[in-house]
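Please keep the sequence and the model side by side while reading.

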Amino acid sequence: MTPVVAAKKLSKFDPKTFLSTINGGRKIALFPKKQTIFVQGDSSDAVFYIQKGKVRLTVVSQSGKEATIGILNQGDFFGEGCLKGQPLRMCSATAMTDCSVMKIGKQSMIEVLHREHAFSDMFVAYLLTKNIRYEEDLVDQLFNSSEKRLARMLLLLAHFGKEGAAEIVIPKISQETLAEMVGTTRSRVSFFMNRFRKLGFIDYDGGSGFQVHSSLLNIVLHD
């Protein structure tokens, strides 16, 4: 098989359809908004795949301080640490919107990865992309201003730069959560969000969420 043919075959691979055909070792669960999927310290024995909705990942320090470390969307996996022997969950996962999530047992996931090459190729590509995102987050945190970090986070939440259309409206996220993710204070987030709105980079949608415009890239690209 030529590289071009292989690439086309991989691009047509639908993980959602494939995962739904796995015999045993999986189940679909519905989580209403704000319901906990798992808690930091729980036994780590399964991988999760988001079929619909958004999931927020948080960690809590020994002193009780909570921080948001990620917001995941439809098509994302989480909880994959169990595949490398992670015994306990290192974070908590909570539904930000009504969610449909597929839970795949650790052993079933390992067997499928060994058996189905198209799926394992897709999963490795997903993990590499996730690792690149973590590296970009670190560089962003070390070298960029809080304003630029907030703009980048909003663009990521709106899926700008990813395949498919950007989201019209991002579900409502508190300024406290945005401050945790950006690494700044709520007052700074409030200041920048108001500035973005006045410049026409974002629009609020009647309290249910907000719309991010591609013009917000001007903040990220400006030196």
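**Cysteines and aromatic rings**

Cys-99 counts as buried because its relative accessibility is 5%, where buried means under 20% relative accessible area, exposed over 50% and partly exposed in between, taken with a 1.4 Å probe on protein chains only. Cys-82 is also buried, because its relative accessibility is 0%. The structure holds zero disulfides, a disulfide being a pair of cysteine sulfur atoms within 2.5 Å.

This is a predicted model, in which local features need pLDDT of at least 70 and side-chain atom pairs count only at pLDDT 80 or more, while totals for chains, interfaces and linings use all residues. Residues are numbered from 1 along each chain as its sequence is written, and side-chain values use heavy atoms, with hydrogens and water left out.

A pair of aromatic rings is described by the distance of the centres and the angle of the planes. The structure holds 11 aromatic pairs. Rings of Phe, Tyr and Trp (its six-membered ring) pair if their centres lie within 6.5 Å; planes under 30 degrees apart count as stacked, over 60 as edge-to-face and the rest as tilted. One of the pairs is formed by Phe-38 and Phe-78, which are tilted, with 5.8 Å from centre to centre and 35° between the planes. This pair links distant parts of the chain, since Phe-38 belongs to strand β2 and Phe-78 to strand β6 (residues 77-78), 40 residues apart. Helices (H or I, at least four residues) and strands (E, at least two) are DSSP runs, numbered from the N terminus. Both Phe-38 and Phe-78 are buried.

Another pair, Phe-119 with Phe-123, is stacked, at 6.2 Å centre to centre and 20° between the planes. Both residues lie in helix α4 (residues 117-143), four residues apart, or about one turn of the helix. Phe-119 is buried because its relative accessibility is 0%, and Phe-123 is buried because its relative accessible area is 4%. Ring pairs join Phe-119 and Phe-123 with Tyr-49, Phe-77 and Tyr-126 in a cluster.

**A pocket and a loop**

Rolling a probe the size of a water molecule over the atoms shows where empty space is left. The second largest pocket holds about 390 Å³ of space. On a 1 Å grid over the protein atoms alone, a pocket is an open set of points where a 1.4 Å probe fits, with protein on both sides within 12 Å along at least five of seven lines, and lining residues have an atom within 4 Å of a point. Grid points are joined across faces, edges and corners, and the volume is the space filled by probe spheres set on the points.

Which residues come closest to the centre of the second largest pocket? Of the 19 residues in its lining, they are Lys-33, Lys-34, Arg-56, Ala-95 and Met-96. The elements giving two or more residues to this lining are β2 (36-38), β4 (55-60) and β7 (92-95), and β7 supplies the largest share, three residues. By type, the lining has six nonpolar, eight polar and five charged residues. Here Ala, Val, Leu, Ile, Met, Phe, Trp, Tyr, Cys and Pro count as nonpolar, Asp, Glu, Lys and Arg as charged, and the others, Gly among them, as polar.

Lys-34 is found in the loop between β1 (26-31) and β2. Lys-34 has a positive phi of about 80° although it is not a glycine, and it counts as exposed because its relative accessibility is 67%.

**Contacts across the chain**

Leu-19, in helix α2 (residues 15-19), is buried because its relative accessibility is 0%. Leu-19 and Ile-104 are 85 residues apart in sequence, with 8.8 Å between their C-alpha atoms.

Asp-45 sits in the loop between β2 and β3 (46-52) and is partly exposed because its relative accessibility is 41%. From Asp-45 to Pro-87, 42 residues away in sequence, the C-alpha to C-alpha distance is 7.6 Å.

Thr-184 lies in the loop between α6 (175-182) and α7 (186-198). The C-alpha atoms of Thr-184 and Leu-150 are separated by 9.1 Å, and the two residues are 34 residues apart along the chain.
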